[in-house]
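Subject: Structure for your review: charged residues

Dear colleague,

Please find below the structure that I am handing over to you. I would be grateful if you could read the notes after it with the coordinates open.

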Amino acid sequence: MSFARRDGELCAEDVPVREIADSVGTPVYIYSAAALAERLRALGEAFAGVRHLVCFSVKCNGNLAVLRTLCRGGAGADITSVGELARAQRAGIPGDRIVYSGVGKRRDEIDAALAAGIKLFNVESREELRAIDAVARARGVRAPVAFRVNPDVDPKTHPYIATGLRTSKFGIPWAEAGEAYAEAKALANVSVVGVDCHIGSQLLDVAPFAEALARVRTLVGELRAAGHAIAVVDVGGGLGVDYSGETPPSVAAYADAVRTALADLGCEIVLEPGRAIAGPAGLFVTRVLYRKRGGDKRFVVVDGAMNDLIRPALYGAHQPVQPVAPARGEPAPVDVVGPVCESADFLAQDRPLPPLEPGDLLAFGTAGAYGFVMASNYNARPRAAEVLVRGDRFAVVREREVLEDLFRGETIPEEFTA
Ligand SMILES: *Cc1c(COP(=O)(O)O)cnc(C)c1O
């Protein structure tokens with residue numbers, strides 16, 4: 001296992017987590033190269049026999065070393081901005097393995113993606129389609145496009161990460177797909193190559209996938225009948241992971257649902273997994289500063305905070321937590337809170353943890369996705385370090401920010417401040 005106990009001590013692959021924390025400091029994100037590679041491999045294996053490309057969702061973890069690890073395993077990238085394009089390219093991911101999603105692609109971003117020769121633009125509105133056509137014309141190229149269609153299915157996930165409802169800002173309405181594709185076909189500088197769909201994140205059941213993909217299948221048939229050469233179906237991401245005993249679908253069950261809906265269409269399948277690959281491959285490690293009480297509540301104040309790991313504050317998300325050292329004593333419920341001046345600054349609430357002392361380390365699991373990427377400098381807190389482990393070695397793959405980083409780009413114009 002990538003994160004398991006040896007003689008009671010939590011390890012990342014073959015390295016004791018304590019060793020990393022002592023050497024690099026806390027808070028720190030720790031990723032397992034073996035876990036990343038293995039999760040990518042397992043997903044690819046589930047899709048064996050289906051022509052497919054795994055485009056890892058860079059927004060969930062854009063660390064260059066993480067991207068390189070996945071690139072070595074054959075993954076491409078699903079990007080949402082020119083910044084993520086730059087990350088994917090810097091990590092060595094070739095343009096023909098990059099797909100571009102997101103509702104608000106600027107013209108400079110579209111231009112950069114065309115320059116990179118990306119595989120596919122997932123287009124989210126007809127105005128955006130026209131912008132892509134115009135930018136491609138200026139470059140003298142044709143942009144490969146798919147529309148992100150909104151199948152209006154309820155993924156039964158947190159409302160902030162449900163994206164496939166009719167009222168969502170994402171995708172084009174189902175009923176307008178025919179017209180949108182007809183418009184695209186008439187444009188000289190886009191070529192319609194596929195259909196795209198992404199209904200939400202942290203999905204714990206295959207049923208919404210199956211329902212959405214059945215609708216996509218029907219649409220592909222209709223579009224082909226209307227003369228569109230649909231060669232690619234991008235099924236998005238969204239496969240859930242276990243944070244607190246959830247039972248997400250296995251990659252095999254997920255692949256079966258995709259196969260059942262799409263296998264005989266003869267399309268290449270693009271997958272955009274994020275969380276399902278990186279989530280369980282990462283830990284967030286923080287050190288206990290103080291203990292205190294408030295009424296009947298017991299608090300453990302740690303050096304990590306909502307600016308480092310915002311999911312609990314943002315979604316009320318549950319991140320599993322355990323002490324790094326062997327447990328001593330009986331567990332009792334505590335809130336694990338950070339130093340940020342917000343009541344929402346908690347990492348765990350009412351969680352049974354064994355007695356802890358200042359200096360002890362806590363490891364939050366399933367923190368490899370939507371962890372560091374959502375970190376901010378709120379409360380002027382330098383962002384945490386990131387570490388990649390491989391076997392019995394580890395490397396700092398992003399240095400902890402220093403105070404000087406907090407001021408980078410700021411100036412004090414003397415004439416305005418005198
Ligand atoms: C966020 C996102 C993904 C990745 O979602 P996960 O739930 O992390 O798998 C994939 N595609 C699109 C369009 C997204 O917005």
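The notes that follow concern the charged residues and their contacts.

Please bear in mind that this is a predicted model.

Salt bridges

The structure holds 23 salt bridges.

In one of them, Arg130 and Glu183 are joined, with 2.5 Å between the closest N and O atoms. This pair links distant parts of the chain, since Arg130 belongs to helix 6 (residues 126-139) and Glu183 to helix 7 (residues 177-186), 53 residues apart. Arg130 has a relative accessible area of 40% and is therefore partly exposed, whereas Glu183, at 17%, counts as buried because the cut-off for that class is under 20%. Both residues also belong to a network of salt bridges that links Arg126, Arg130, Glu179 and Glu183.

A further salt bridge brings together the side chains of Arg328 and Asp360, at 2.7 Å from N to O. Arg328 is found in the loop between strand 16 (321-323) and strand 17, and Asp360 in the loop between strand 18 (346-353) and strand 19 (361-364), so the pair ties together parts that are 32 residues apart in sequence. Arg328 is partly exposed, with 39% relative accessibility, while Asp360 is buried, at 16%.

The side chains of Arg6 and Asp14 form another salt bridge, at 2.6 Å from N to O. Here Asp14 is partly exposed at 40% relative accessibility, and Arg6 is partly exposed at 42%.

A buried aspartate

Asp335 is located in strand 17 (residues 332-337). Is Asp335 buried or exposed? Its relative accessible area is 3%, so Asp335 counts as buried. The side chain of Asp335 reaches the backbone nitrogen of Asp350, at a distance of 2.7 Å.

A patch of positive charge

On the surface, Arg68, Arg72, Arg390 and Arg393 gather in a patch of positive charge. Of these residues, Arg393 is placed in strand 21 (residues 393-398). Arg393 counts as exposed because its relative accessibility is 59%, and the cut-off for exposed is over 50%.

I would welcome your comments on any of these points.

With kind regards

Terms used. Residues numbered from 1 in each chain as written. Predicted model: local features only at pLDDT ≥ 70, side-chain atom pairs only at ≥ 80, totals over all residues. Heavy atoms only, no water. Patch = residues over 30% accessible without salt bridge, like charges linked within 9 Å, V, L, I, M, F, W, Y side chains within 5 Å. Areas by Shrake-Rupley, 256 points an atom, 1.4 Å probe, with all protein chains shown as cover. Salt bridge = Lys/Arg side-chain N within 4 Å of Asp/Glu carboxyl O. Lys, Arg positive; Asp, Glu negative; His and termini not counted. Charge placed at Lys NZ, Arg CZ, Asp CG, Glu CD. Helix = DSSP H or I, 4+ residues; strand = E, 2+ residues; numbered from the N terminus. Buried < 20%, exposed > 50% of the residue type's maximum accessible area, 1.4 Å probe, protein only. Polar contact = N/O pair within 3.5 Å; in protein donor to acceptor, adjacent residues only side chain to side chain.
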